[in-house]
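Grab the viewer and follow along.

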Amino acid sequence: MAMHRRHAGTPTDHPPDPWAGGRPAPGAGPQPNPWADLRFARPTADAPATALAQALLAAEAGYPVIPLTRSKLPALRSPHRGHPEVPPCRGACGRLGHGVHDAHTDPLAVRRMFAAAPWATGYGIACGRPPHHLIGIDLDTKNGADGLTALRFVAEQHDFPVPPTVTVLTPSGGRHLWFTGPPSPPVSNSVGRLAPGIDVRGTGGYLVGPGSLTTHGRYVLAPDTPRRPAPVPATLLRLLTAPPPTTHREPPYGVPPQPAAALIRFVRASPPGQRNARLFWAACRAEESGLGQELAARLTEAARHTGLSADEARATIASAARRR
């Protein structure tokens with residue numbers, strides 16, 4: 001089920017999460033599909049063996065991989081440490097230890113990397129590389145972030161649906177959405193640029209592969225996740241490849257910034273099951289913009305429109321203010 005602002009939501013307060021997974025569209029099976037299936041083995045107690053097995057399956061499906069440590073860093077140290085190359089070497093020297101630039105789909109190359117790093121308990125999947133040109137959307141939940149709600153806001157603000165796609169659950173409660181992209185333009189890595197709580201993994205970045213064991217736990221595929229990444233929505237791709245703003249302009253005195261109206265609309269459109277989460281997220285954004293008190297009454301009224309009581313709405317907005 002794709003998320004779109006014209007959908008009214010489900011009639012309960014706990015609807016299925018549209019980004020917890022999904023199934024390929026009916027009729028898509030018999031048609032030729034350029035995206036390889038993902039079939040990951042069940043994790044075992046032997047973390048290094050599991051990491052290698054999972055990495056080989058990912059490589060077989062066309063995803064370039066590298067071994068990772070429990071801290072999610074490349075497991076092989078640079079052969080140039082202490083003597084940095086200028087310009088930086090990206091593997092032209094033929095030795096291992098160039099991070100994501102070592103990523104490979106050849107099983108012999110993958111085994112060679114893991115043999116050189118027997119301590120590896122996970123693997124990374126390089127983004128932006130053929131054939132899939134993977135784009136990773138990292139929805140964070142740490143430090144009070146709510147990346148899932150942030151993505152819903154961006155999707156509604158810019159009027160695009162987010163299709164079901166491969167979803168990996170992280171030990172911290174977040175999730176990674178995988179999308180396939182075109183060969184160009186390249187998508188850059190970014191932290192919070194799209195919205196608070198949303199990080200982007202593009203060319204030169206990597207995603208922790210499902211089955212990897214880290215210091216905080218294991219990365220796993222979401223239940224019923226599709227077998228293939230969906231193509232990135234065109235509008236989302238434009239947002240990801242747009243040049244960053246060169247200057248910051250303050251709005252005229254007494255005129256709220258443009259996102260203020262979008263925050264109110266976002267709260268008013270809350271389906272059952274998302275009302276408090278959306279209100280809290282919008283109130284946090286208002287506080288960050290210095291508009292917490294100014295927008296409190298409008299946010300409360302918008303929340304009441306969705307069915308929340310005034311007391312519930314005020315309590316949620318107060319929680320957002322205390323978070324500052």
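Let's start inside: Tyr63 is buried, with a relative accessible area of 1% (buried means under 20%, exposed over 50% and partly exposed in between, with a 1.4 Å probe and protein chains only). Keep in mind that this is a predicted model, where local features need pLDDT of at least 70 and side-chain atom pairs count only at pLDDT 80 or more, while totals for chains, interfaces and linings use all residues. Residues are numbered from 1 along each chain as its sequence is written, and side-chain values use heavy atoms, with hydrogens and water left out.

**The aromatic pair**

- Tyr63 and Trp178 form a tilted aromatic pair, 5.6 Å centre to centre with 55 degrees between the planes. The rule takes rings of Phe, Tyr and Trp (its six-membered ring) with centres within 6.5 Å, calling planes under 30 degrees apart stacked, over 60 edge-to-face and the rest tilted.
- By this rule the count comes to one aromatic pair.
- Trp178 is buried too, at 0% relative accessible area.
- The two partners sit 115 residues apart: Tyr63 is in the loop between H1 and S1, and Trp178 is in strand S5 (residues 175–180). Helices (H or I, at least four residues) and strands (E, at least two) are DSSP runs, numbered from the N terminus.

**The three-stranded sheet**

- S1, S2 and S8 make an open sheet in the order S1-S2-S8, with antiparallel pairing (two strands pair if DSSP finds at least two bridges between them).
- Strand S1 (65–68) and strand S8 (206–208) are at the edges with a single partner strand each, so one side of each has no neighbour in the sheet.
- On average, neighbouring strands of this sheet are turned by 35 degrees against each other, direction ignored. Axes are lines fitted to C-alpha atoms, for helices over the stretch in contact, and angles run from 0 to 180 degrees between N-to-C directions.
- Strand S2 (residues 122–126) is joined to S8 by three bridges, and Ala126 stands opposite Tyr206 in S8.

**Helices on the sheet**

- Helix H1 (residues 47–60) lies across S1 and S2, at about 20 degrees to S2. Contact here means heavy atoms within 4.5 Å.
- Helix H2 (residues 107–116) also lies across S1 and S2, running at about 15 degrees to S1.
- Which residues of H2 are buried? They are Ala109, Val110, Met113 and Phe114.
- These four cover an arc of only 130 degrees around the axis, which puts them on the same side of H2 (the arc is that of the directions from the helix axis to the C-beta atoms).
- H1, S1 and S2 are among what covers the buried residues of H2, while Leu108 and Ala115 are exposed on the face turned away from its buried side.

**Nonpolar cores**

- The largest nonpolar core has 41 residues, and those with the most contacts inside it include Ile135, Phe179 and Leu299. Such a core is a set of buried Ala, Val, Leu, Ile, Met, Phe, Trp, Tyr and Cys residues joined through side-chain atoms within 4.5 Å.
- Apart from it lies another core of 31 residues, among them Tyr123, Ala126, Val168 and Tyr219.

- The Pro130 to Pro131 peptide bond is cis, with omega near 5 degrees, and Pro131 lies in the loop between S2 and strand S3 (134–139).
- Ser184 and Pro185 are also joined by a cis peptide bond, with omega about 0 degrees.
- Lys72 is not a glycine, yet has a positive phi of about 70 degrees; at 33% relative accessibility, Lys72 counts as partly exposed.
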